[in-house]
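Hi everyone, thanks for having me. Have a look at the picture on the screen, and I'll talk you through it.

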Amino acid sequence: MSHPLWMLVPWAVFALAAGLKFWRLTRVFRQHMAKAQTNPERFRQSLERIWQQDQQAASSSNLRGE
């Protein structure tokens, strides 16, 4: 253990464990994005619904004088 490079081994193990944990935590997000990319029409419709809801919220706030 006199060689200074041995100090890098625990950091390498930590980095590997952190990377694996991050990969597992983001699995749901990656799966959701893969499904969204397979059907662009459904994605377009969801964007249009969001836009319409935003327009309705903006028009109702204008009517209330905000």
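Let's start with helix α1, which is hardly covered: of its 18 residues, the count of buried ones is zero. Buried here means under 20% relative accessible area, exposed means over 50%, and partly exposed is in between, with a 1.4 Å probe and protein chains only. Helices are DSSP runs of H or I with at least four residues, strands are runs of E with at least two, and both are numbered from the N terminus.

Before I go on, this is a predicted model, so local features need pLDDT of at least 70 and side-chain atom pairs count only at pLDDT 80 or more, while totals for chains, interfaces and linings use all residues. Residues are numbered from 1 along each chain as its sequence is written, and side-chain values use heavy atoms, with hydrogens and water left out.

Okay, the overall layout. The protein has three helices and zero strands, and from the N terminus on they run α-α-α. How much of the protein is buried? Buried residues make up 3% of its 66 residues. The protein exposes about 6500 Å², and carbon and sulfur atoms supply 67% of that. Those areas come from the Shrake-Rupley method with a 1.4 Å probe, and for residues only the protein chains shown count as cover.

Back to α1 for a moment. At 1.5 Å a residue, its 18 residues should span 26 Å, and the end C-alpha atoms are 26 Å apart, which agrees. The expected span is 1.5 Å times one less than the number of residues.

Now the surface. W6, V9 and V13 form a nonpolar patch with about 300 Å² of accessible area together. V9 sits in helix α1 and is partly exposed, at 40% relative accessible area. For a patch, residues need over 30% relative accessible area and no salt bridge; like charges are joined within 9 Å, and nonpolar side chains (Val, Leu, Ile, Met, Phe, Trp, Tyr) within 5 Å.

K21 itself is in α1 and is partly exposed, at 48%.

Last stop, salt bridges. Side chains of opposite charge can pair when their charged atoms come close. To count, a side-chain nitrogen of Lys or Arg must be within 4 Å of a carboxyl oxygen of Asp or Glu. How many salt bridges does the structure hold? Two.

R44 pairs with E41, with the closest N and O atoms 2.2 Å apart. Both lie in helix α3 (residues 40-63), three residues apart, about one turn of the helix. R44 is partly exposed at 37%, and E41 is partly exposed at 37%.

E48 also bridges to R44, at 2.4 Å between the closest N and O atoms. These two lie in α3 as well, four residues apart, again about one turn. Through shared partners, the salt bridges join E41, R44 and E48 into one network.
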